Amino acid sequence: MSNRFLSTDDELKPYYLSVSEIRCHDDNDASKPCRDCGGEVKLLLETAEAFKAIREEHGGPIHVLSGHRCKAKQARLYREAVAKYGSPDKARKKVAPPGASPHEWSCALDLRNPAGVSTAAFKRLIDGVLGVKGGRMGG
């Protein structure tokens, strides 16, 4: 069985998502497409279903900070993290190396805590919906 990916607003809308939220975007301006790939749009169906379940459990909007990332952008983010943190080991605590980020495989979303919800409470909500310890940080 092959994976099914969503890539249009019509496909994403039932999951409370939009192309502008999940596309690979500019490093400094999420409203602009990525300079490397032109703004690839792709999200694994199961990831969209999980987001929908989390949003419905929360009962309101949840802001998506980042979705799909092309390999070139992931490599750049990792290089920048190595320069910032001084070593690959320290950088990997914040950013996955190229090829190791679930964003590159279109199966991850970075979410902002909803207003008035602590990080711990939001992670508990996500863990409860997914039935796992899902609040992994960094990718």
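This is a predicted model: local features need pLDDT of at least 70, side-chain atom pairs count only at pLDDT 80 or more; totals for chains, interfaces and linings use all residues.
Which residues is T47 in contact with, leaving aside its neighbours within four places in sequence?

View 1. Leaving aside neighbours within four places in sequence, T47 is in contact with S106, C107, A108 and L109. T47 belongs to helix α3, which covers residues 45–58. The residue is buried because its relative accessible area is 13%.

View 2. The structure contains 0 disulfides. Seen from C37, the nearest cysteine sulfur is that of C24, and C37 is in no disulfide. C24 has 0% relative accessibility and so counts as buried, whereas C37 is partly exposed, with a relative accessible area of 23%.

**View 3. The largest nonpolar core.** This core has 16 residues, and L12, L17, L43 and L109 touch the most other members. Elements giving two or more residues to the core are α2 (19–22), α3 and α6 (119–130). Helix α3 supplies the largest share, 4 residues. In soluble globular proteins, nonpolar side chains tend to be buried together.

**View 4. Surroundings of L43.** L43 is one of the residues that touch the most other members of the largest nonpolar core. Not counting residues up to four places away in sequence, L43 touches R4, F5, L6, L12, L17, I22, A48, S106, A108 and L109. Among these, S106, A108 and L109 are also contacts of T47.

Notes. Residues are numbered from 1 along each chain as its sequence is written. Side-chain values use heavy atoms; hydrogens and water are left out. A disulfide is a pair of cysteine sulfur atoms within 2.5 Å. Buried means under 20% relative accessible area, exposed over 50%, partly exposed in between (1.4 Å probe, protein chains only). Contact means heavy atoms within 4.5 Å. A nonpolar core is a set of buried Ala, Val, Leu, Ile, Met, Phe, Trp, Tyr and Cys residues joined through side-chain atoms within 4.5 Å.
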